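Hi everyone, thanks for coming. Let me put the model up on the screen, and then we can walk through a few spots together.

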Amino acid sequence: LKNVYPQNYSELVDTYAKKYDISSSVIYALIRSESFFDKEIVSSAGAVGLTQLMSPTAGEIAQKLKIKEYELTDPQTNIMFGTYYLAELIRRGEGSLLRAFFSYNAGFRKVTTWLNSSMLEFGKTNSLDMDLFLETVPVSETREYGRKLIGATVMYEYLYNNADFSETVEGLLQ
């Protein structure tokens, strides 16, 4: 299983996961799901590199990090930018990793709209269990993306940190 869930770029992942206060398992799951560790990959939509960042998003990140020149196919830059961006989405999403995963895929505003609609549908006023929200995301690609990242994060935690499956899943759905 460790061949299927590798820890390529471990020094960079560990450095930026620590810097931006995210579990390295989450970053490995992100990279594995987005690019399977291919630093040169470009999606049909134009997303580039290990964490599959779009050029406008990368430009905003570079501006916030005060970096004038960068190359998204450079593993250090891409991992730094992707980790920073995911950390920002977690912060903006009130600490919810699943909400951040959805936002990474579909955009923060869309996810906020979906969450508000789901809360309204279920008669909730200020929160909704994330496992219920997972099932109500209206775009199947985003719903499956969230599931895939949760699954990969759980596998990384299990394989490399001896974590319990149910505790890890529960923590991810907070």
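Let's start at Tyr84, which is buried because its relative accessible area is 14%, under the 20% cut-off. Keep in mind that this is a predicted model. What does Tyr84 pair with? Its ring sits with the ring of Tyr20, centres 5.5 Å apart and planes at 75°, so we call that pair edge-to-face. The two partners come from distant parts of the chain, 64 residues apart: Tyr84 belongs to helix H4, while Tyr20 is in the loop between helix H1 (10-19) and helix H2 (24-35). Tyr20 counts as buried too, at 15% relative accessibility.

Now over to another pair, Tyr28 and Tyr156. Stacked or edge-to-face? The planes of these rings are at 20° and the centres 5.4 Å apart, so this one is stacked. Here, again, distant parts of the chain are linked: Tyr28 is in helix H2 and Tyr156 in helix H8 (residues 140-161), 128 residues apart. Both are buried, with Tyr28 at 1% relative accessibility and Tyr156 at 0%. Together with Tyr5 and Tyr160, Tyr28 and Tyr156 form one aromatic cluster. If you search the whole structure, you find nine aromatic pairs.

Last stop, some charges. Asp38, Glu40, Glu71 and Asp74 form a negative surface patch. Where is Asp74, for instance? You'll find Asp74 in the loop between helix H3 (55-64) and helix H4 (75-92). Asp74 counts as partly exposed, because its relative accessibility is 33%, between the 20% and 50% cut-offs.

Technical notes:
Residues numbered from 1 in each chain as written. Predicted model: local features only at pLDDT ≥ 70, side-chain atom pairs only at ≥ 80, totals over all residues. Heavy atoms only, no water. Patch = residues over 30% accessible without salt bridge, like charges linked within 9 Å, V, L, I, M, F, W, Y side chains within 5 Å. Areas by Shrake-Rupley, 256 points an atom, 1.4 Å probe, with all protein chains shown as cover. Salt bridge = Lys/Arg side-chain N within 4 Å of Asp/Glu carboxyl O. Lys, Arg positive; Asp, Glu negative; His and termini not counted. Charge placed at Lys NZ, Arg CZ, Asp CG, Glu CD. Helix = DSSP H or I, 4+ residues; strand = E, 2+ residues; numbered from the N terminus. Buried < 20%, exposed > 50% of the residue type's maximum accessible area, 1.4 Å probe, protein only. Phe/Tyr/Trp six-rings, centres within 6.5 Å; stacked < 30°, edge-to-face > 60°.
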